[in-house]
Amino acid sequence: MIVALEVAFGLVALLGAVSTALIRDSYGKVISLGILVAGIVPFIVDRGYLDVAIAVSLIAPVATIFVLMVVRREQA
Amino acid sequence: MNATLVLGLAVLVIGVLGVAFVRPKTYVARLINLEIPAWGLLLVMLAYDEALALLTFVAVTAISTFVIVRLMEWRDASC
Amino acid sequence: MIALYLVAAIAVFAAIRVIIEKNTARKLPYTNVMNFAVAGALVLLLDHPLSIVAAAAYFVGSTLEANAIASTYAGGMKR
């Protein structure tokens, strides 16, 4: 990959990881987890593992929806 | 040193510190922080070109998240 | 090649804008902006016939995730 793109998507992934660890609100944590996944998927595609990228893209929202079942019960 | 390996190790260390010193000490915040080292370990596996490990690790992470969610709903309704 | 840099810049801007936003309901449109930018970057990044399938899968998955978060935040389905 081009170096500027590695810096850009690495910055997105690091911002997602740090904000997921530091934000105290549960919905903010889940949204920041989406940012972390959005920063990691271009690295998987760039190495050529397109089947792994398809599997990650379809399984990560399912895990987020599982977490949302607990978050809704906590906030209510 | 590859850029993928460096980024994966950084995300792994941030996630482990986030799980160990979680700020609101609830089960939900610890479960959400537990997702971060999984993605960091996925990047480390990506740096060493392990395709089968990547596929099985993603599936097992989702299944274990579902199991922990069901356990938290069964243990106490207030979390 | 200029389109790839533009899409990456939009993704970084939208990610920073999501993180510095305080209101939760106002974070979600910028999350959608970042997801669309990353989906565009995936299809431009690698010259392979299966790349469009990966971009479409990421598009569908991220839109489903953002809509699930918005629906749960707005109160969910009343049963």
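A residue is taken as buried under 20% relative accessible area, as exposed over 50%, and as partly exposed in between, with a 1.4 Å probe and protein chains only. By this criterion, 43% of the 79 residues of chain B count as buried. The structure is a predicted model in which local features need pLDDT of at least 70 and side-chain atom pairs count only at pLDDT 80 or more, whereas totals for chains, interfaces and linings use all residues. Residues are numbered from 1 along each chain as its sequence is written, chains are lettered from A and ligands numbered from 1 in the order in which they are written, and side-chain values use heavy atoms, with hydrogens and water left out.

Secondary structure was assigned from DSSP runs, with helices (H or I) of at least four residues and strands (E) of at least two, numbered from the N terminus. Chain B contains 4 helices and 0 strands, and its pattern along the sequence reads α-α-α-α. The C-alpha trace of chain B spans about 45 × 25 × 10 Å along its principal axes. With contact defined as heavy atoms within 4.5 Å, 51% of the contacts in chain B between residues at least 6 apart in sequence join residues at least 24 apart. Accessible areas come from the Shrake-Rupley method with a 1.4 Å probe, and for residues only the protein chains shown count as cover. Chain B exposes about 4,300 Å², of which carbon and sulfur atoms supply 71%.

Salt bridges were assigned where a side-chain nitrogen of Lys or Arg lies within 4 Å of a carboxyl oxygen of Asp or Glu. The search of the whole structure gives 3 salt bridges over all chains. One of them pairs A:Arg47 with B:Asp49 at 2.8 Å, N to O. A:Arg47 lies in the loop between helix H2 (26-46) and helix H3 (50-75) of chain A, and B:Asp49 in the loop between helix H3 (35-47) and helix H4 (51-75) of chain B, so the pair joins two chains. Both partners are partly exposed, A:Arg47 with a relative accessible area of 28% and B:Asp49 at 44%.

Within chain B, the side chains of B:Glu73 and B:Arg70 form a salt bridge at 3.3 Å, N to O. These two residues both belong to helix H4 of chain B and are 3 residues apart, about one turn of the helix. B:Glu73 is buried at 18% relative accessibility, while B:Arg70 is partly exposed at 44%. In chain C, the salt bridge between C:Arg17 and C:Glu21 has its closest N and O atoms 4.0 Å apart. C:Arg17 is partly exposed, with a relative accessible area of 30%, and C:Glu21 is buried, at 15%.

Helix H3 of chain C (residues 51-73) has 23 residues and reaches 33 Å from its first C-alpha to its last, close to the 33 Å expected at 1.5 Å a residue; the expected span is 1.5 Å times one less than the number of residues. The buried residues of this helix include C:Ala54, C:Tyr58, C:Gly61, C:Glu65 and C:Ile69. The buried residues of H3(C) pack against H2 and H3 of chain A together with helix H2 (24-45) of chain C. After H3(C) comes C:Gly75, which has a positive phi near 125°.

Across the interface of chain C and chain A, 0 salt bridges are found.

A:Leu50, in helix H3 of chain A, is buried at 3% relative accessibility. Not counting residues up to four places away in sequence, A:Leu50 touches A:Val45, C:Leu46, C:His48, C:Leu50, C:Ser51 and C:Ala54.
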